[in-house]
Amino acid sequence: MLNVDRLTKKYGDFTAVSGLSFEAHPGEILGLVGPNGAGKTTTLRCIAGILKPQEGTISIEGQRLADDPVAAKRALAYIPDTPHPFDMLTVVEHLRFTALAYRVADPESRFDALLEELELTEKRDELASGLSRGMRQKLAIACAFLRDPGVILFDEPLTGLDPRAIRTMRDSMRARADAGATVLISSHLLDLVERLCDRILVLHRGQALAVGTLDEIRATAAGSGASLEEVFFDITERHDEEANGGS
Ligand code: ATP
């Protein structure tokens with residue numbers, strides 16, 4: 001369970017996220033969509049405890065991040081859009097390191113299945129420095145999944161993955177949600193979000209313009225039968241017109 005309440009994050013005088021509130025529930029995949037600069041990465045980095053917001057509260061699995069950052073972070077995994085693994089560790093050494101850092105019980109028994117799931121079996125003993133971008137991403141995901149976190153944040157998870165890996169990732173995310181995880185995905189791939197996510201949050205200029213199932217946000221925007229892409233443009237362009245005084 002993830003709860004974000006009136007989150008505000010400023011960089012100097014610039015407000016990147018403004019009074020953002022939303023919830024994501026166990027078993028669901030929530031899609032975070034918005035134009036470049038909408039505040040998606042800033043929001044994810046605040047939830048992950050990497051950035052300190054000026055205002056608002058974030059709770060992960062009932063733990064307030066500000067009160068007990070370690071407990072909250074233990075319950076969460078954040079996979080950034082460009083993971084930076086340790087160049088001098090192999091794939092399996094990353095899993096061992098993660099298991100030690102997060103005190104995962106009996107980790108070795110899970111390595112084979114995880115590497116198979118993420119198509120990394122052949123790379124098991126290769127150094128991270130020799131992995132492609134997509135493989136580095138899959139390695140970061142394997143390390144995250146090993147910990148069985150209650151809340152999983154993905155920033156642009158499918159960038160750099162080939163079509164087969166995209167299908168594998170979609171299945172893996174759904175399986176984690178079905179197993180009870182709360183999954184939050186930021187993505188520009190609207191067709192993927194439409195297919196994969198149970199609910200969608202449209203973020204624009206640091207504010208939530210719509211949140212709900214596609215049917216629910218369609219009702220406030222482009223109308224029945226509209227694709228997420230049509231809904232997205234309708235909502236964001238209408239907001240810009242209103243901000244410009246309707247001109
Ligand atoms: P994209 O889709 O392009 O990745 P995003 O929705 O993830 O964008 P953010 O990266 O969260 O957006 O950025 C939100 C706003 O905050 C942007 O206007 C960006 O220029 C600004 N911003 C982000 N990081 C910083 C920073 N370190 N210092 C100053 N401004 C920043």
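The model is predicted, so local features need pLDDT of at least 70 and side-chain atom pairs pLDDT 80 or more, while totals for chains, interfaces and linings use all residues. Residues are numbered from 1 along each chain as its sequence is written, and side-chain values use heavy atoms, leaving out hydrogens and water.

Q: How are the rings of Phe 145 and Phe 154 arranged?
A: Rings of Phe, Tyr and Trp (its six-membered ring) pair if their centres lie within 6.5 Å; planes under 30 degrees apart are stacked, over 60 edge-to-face and the rest tilted. Here the centres are 6.4 Å apart and the planes meet at 85 degrees, so the arrangement is edge-to-face.

Q: Which parts of the chain does the pair of Phe 86 and Phe 97 link?
A: This is one of three aromatic pairs in the whole structure. Its ring centres are 5.4 Å apart with planes at 75 degrees, so this pair is edge-to-face. Phe 86 is partly exposed at 46% relative accessibility, and Phe 97 is partly exposed at 43%. Eleven residues separate the two, and the parts linked are the loop between β6 (76-79) and α3 (91-101), and helix α3.

Q: Which residue has its charged end over the ring of Phe 145?
A: A charge sits over a ring if NZ of Lys or CZ of Arg is within 6 Å of the ring centre and within 35 degrees of the ring normal. Arg 147 lies in this way over the face of Tyr 102, 3.8 Å from the ring centre. Over the ring of Phe 145, at 3.9 Å from its centre, sits the charged end of Arg 176.

Q: Where is Ala 221, and which residues does Ala 221 contact beyond its neighbours within four places in sequence?
A: Ala 221 belongs to the loop between α8 (214-220) and α9 (228-243). Its C-alpha atom is 6.1 Å from that of Ile 235, 14 residues apart along the chain.

Q: What is the phi of Arg 103, a residue that is not a glycine?
A: Most residues other than glycine have a negative phi. Arg 103 lies in the loop between α3 and α4 (108-117) and is exposed, with a relative accessible area of 70%. Its phi is positive, about 50 degrees.

Q: What is the radius of gyration of the protein?
A: The protein has nine helices and ten strands; these are DSSP runs numbered from the N terminus, with at least four residues (H or I) for helices and at least two (E) for strands. The radius of gyration is taken over C-alpha atoms, and the globule rule is 2.2 Å times the number of residues to the power 0.38. For 247 residues that rule gives 18 Å, so the protein is as compact as a globular protein of that length, its own radius of gyration being 18 Å.

Methods
Buried < 20%, exposed > 50% of the residue type's maximum accessible area, 1.4 Å probe, protein only.
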